Amino acid sequence: MGEAKKLFIKTYGCQMNVYDSERMAEALGGQGYVATDRADEADMILLNTCHIREKAAEKVYSELGRMKPLKEARPDLKIGVAGCVAQAEGEEIMRRAPVVDLVVGPQSYHRLPEMETAVRQGARALDTDFPEEDKFAHLKARPKAARAPSAFLTVQEGCDKFCAFCVVPYTRGAEVSRPADRVLSEARDLVERGVREITLLGQNVNAYHGHDGSLAGLIRDLDRIEGLARIRYTTSHPNDMDDALIAAHADCEKLMPYLHLPVQSGSDRVLKAMNRKHTAESYLRLIERIRAARPDILLSGDFIVGFPGETDQDFEDTLSLVRAVEYGQCYSFKYSTRPGTPAAERAQVEDGVATERLHRLQALLGEQQRRIQDAMVGRVVKVLFEKPGRLPGQMGGKSDHLHAVHVQAPDAAVGSIAPVRITESGANSLGGVLA
Ligand code: 5AD
Ligand code: SF4
């Protein structure tokens, strides 16, 4: 084999894209590629894109514009677009961006090796099918290289919920679960390679049905894997939080006390218009049940402000819900029109109004995050060390509650878990000393 070709992947958007990028790198490894973090020395550049909000797609086009000179300097450079923008506008990308050689949608990554061969021979390749086969079963096994202590593992893709604002059901397709035995063997393999924490991924992960016992059943099987220390899952829909999953939070030791449970709005009128199929009250009752099972659980969420038709009162209802829940961490967005989704046809909230609401919401969420972080000071928490910190002798890691923690621990090994006394609370992380 000649000298290895170099692959540069830029990943946008969610954690599932991070996972997919790893798997694409592995698939192209079989074609003789090694990873590089420099676009200017790459033989192939892949943009793994996100389509969830407007600006994400525009970023892709401007990034492609910036790649023109790279391609002029290196005519053999191949440029590919993957991910949800590829799925949604594959042909448009081919037309609008002649620098692009390859467009591949999220359900077709197992076809990358043959597509790569085709583009090396000078063709342009486009694949945005929703094939029947399991793409992960057809991707090459992960090589046996050592891994960072925390890994993502996709168990479920797609969504059947059709929230009125969201492109996911169109870009990732219908809900599909991977069989539990495949997930479990991939998990065992990760653990053999040094992984201590696995985050199960799915657009609607708690709708997982690849195990007789649903997601809770899968978590309980994972819980028995020796060497695995922590299990997390994301992202969940309130309507799929079943009793078994709530019970798992009470008695499954490795399941971490953190839950990302988006509600989007606190107004029943808006929730109905969003097609969320739950109310603010039912969400609050659900949170109560989850907290009864696991009192110290840290809750996280997603919010959209300025959804078409949202009034001042609707927005006040969102603030009230936030006050009632007390979140440890949240993501909030201004509504962004996605062509092809039901809400795109409706009258929009004025941009200035939406911006002001976003600022008010973020101020409140920021206060809550800070309060919960500050309350950790003085407590002893378990930290999984992930990498050396910024200062000499420092290690960086995550607590059970997913707080980033910097610890003075010169002798600690990456992948070890140690009790840490929290001594300070900063803007987005905690500091502590070995307890
Ligand atoms: N506009 C704004 N935010 C959106 N999200 C999804 N679609 C849109 C949209 N059209 C947000 C939701 C979701 C998160 C992943 O992104 O809050 O939970
Ligand atoms: Fe999108 Fe999540 Fe709603 Fe599915 S449940 S449509 S992924 S926001």
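Tutor: A disulfide is a pair of cysteine sulfur atoms within 2.5 Å. Keep that cut-off in mind, and note that this is a predicted model.

Student: How far is the sulfur of cysteine 50 from the closest cysteine sulfur?

Tutor: The closest cysteine sulfur belongs to cysteine 14. A disulfide needs the two sulfurs within 2.5 Å. The pair is too far apart for a bond, because the distance is 6.4 Å.

Student: How many disulfides does the model have by that rule?

Tutor: A disulfide is a covalent bond between the sulfur atoms of two cysteines. Apply the cut-off of 2.5 Å. The count comes to zero.

Student: Is cysteine 50 buried or exposed?

Tutor: Buried means under 20% relative accessible area. Cysteine 50 has 14% relative accessibility. Cysteine 252, at 2%, counts as buried. By the cut-off, cysteine 50 is also buried.

Student: Which are the edge strands of the open sheet with six strands?

Tutor: The order in this sheet is E2-E1-E3-E4-E5-E6, and the pairing is parallel. Each edge strand pairs on one side only. They are E2 (33–35) and E6 (125–127).

Student: What does the twist average from one strand to the next there?

Tutor: The sheet is open, with parallel pairing. Its twist averages 20 degrees.
Within it, E1 (residues 5–11) joins E2 through three bridges, and leucine 7 has alanine 35 as its bridge partner. The average asked for is 20 degrees.

Student: At about what angle does H5 run to E5?

Tutor: H5 lies across E1, E2, E3 (44–49), E4 (78–82), E5 and E6. Angles run from 0 to 180 degrees between N-to-C directions. H5 runs to E5 at about 165 degrees.

Student: Where is glycine 105, and what is its relative accessibility?

Tutor: Glycine 105 sits in the loop between strand E5 (102–104) and helix H5 (112–120). Among the residues it touches are Gly83, Asp127 and Thr128. Cysteine 84 is 21 residues away in sequence, yet the C-alpha atoms are 6.6 Å apart. Glycine 105 counts as buried, because its relative accessibility is 0%.

Student: Which residue in the turn between E16 and E17 has a positive phi?

Tutor: E16 (residues 394–399) and E17 (residues 404–408) pair in the antiparallel sense over five bridges. They form a hairpin with four residues between them. The phi is about 70 degrees, and the residue is leucine 402.

Student: Which residue in E19 is the bridge partner of valine 407?

Tutor: E17 and E19 (residues 430–434) run parallel, joined by four bridges. The partner of valine 407 is glycine 432.

Student: How many residues around ligand 2 are charged?

Tutor: The shell includes Lys161, His237 and Arg276. Seven of its residues are nonpolar and one is polar. The charged residues number two.

Terms used
Residues numbered from 1 in each chain as written. Chains lettered and ligands numbered in written order. Predicted model: local features only at pLDDT ≥ 70, side-chain atom pairs only at ≥ 80, totals over all residues. Heavy atoms only, no water. Near = heavy atom within 4 Å. Nonpolar A, V, L, I, M, F, W, Y, C, P; charged D, E, K, R; others polar. Buried < 20%, exposed > 50% of the residue type's maximum accessible area, 1.4 Å probe, protein only. Helix = DSSP H or I, 4+ residues; strand = E, 2+ residues; numbered from the N terminus. Contact = heavy atoms within 4.5 Å. Pairing = 2+ DSSP bridges. Lists of a residue's contacts leave out its neighbours within four places in sequence.
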